Amino acid sequence: MERGDFAQLVGCSYLWHSQLSEPVPHEEVSLIVLAPAVSDALRDELRLLGCEISRHEAGIFSPASGPDFNC
């Protein structure tokens, strides 16, 4: 993933959500990224949003919410 890709994913999810006739609660929406590796650009972008990721298990990373953003 390149810089800006994660922000674009989040933006598209809000656009999708705004077009629903009946909104889905935030806690019922999951965004999943499938990528061959966690790039420095992705880590930097997540940090800018107040998020960190940690290794959940081999090849699987989970976000941890920061004070300014609910990852």
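The face of H2 turned away from its buried side carries two exposed residues, Asp40 and Leu48, where exposed means over 50% relative accessible area, buried under 20% and partly exposed in between, with a 1.4 Å probe and protein chains only. This is a predicted model, in which local features need pLDDT of at least 70 and side-chain atom pairs count only at pLDDT 80 or more, while totals for chains, interfaces and linings use all residues. Residues are numbered from 1 along each chain as its sequence is written, and side-chain values use heavy atoms, with hydrogens and water left out.

On the buried side of helix H2, which spans residues 40-48, lie Leu42, Glu45 and Leu46. These three are on the same side of H2 because they cover an arc of only 100 degrees around the axis, the arc being that of the directions from the helix axis to the C-beta atoms. The buried residues of H2 pack against helix H1 (5-18) and strand E1 (52-57), and H2 is followed by glycine 50, whose phi is positive, near 85 degrees.

Seen as a whole, the chain has 2 helices and 2 strands, arranged α-α-β-β from the N terminus on; helices (H or I, at least four residues) and strands (E, at least two) are DSSP runs, numbered from the N terminus. Of its 71 residues, 13% count as buried, and the C-alpha atoms fill a box of roughly 35 × 25 × 25 Å along the principal axes. Among contacts (heavy atoms within 4.5 Å) between residues at least 6 apart in sequence, 35% join residues at least 24 apart.
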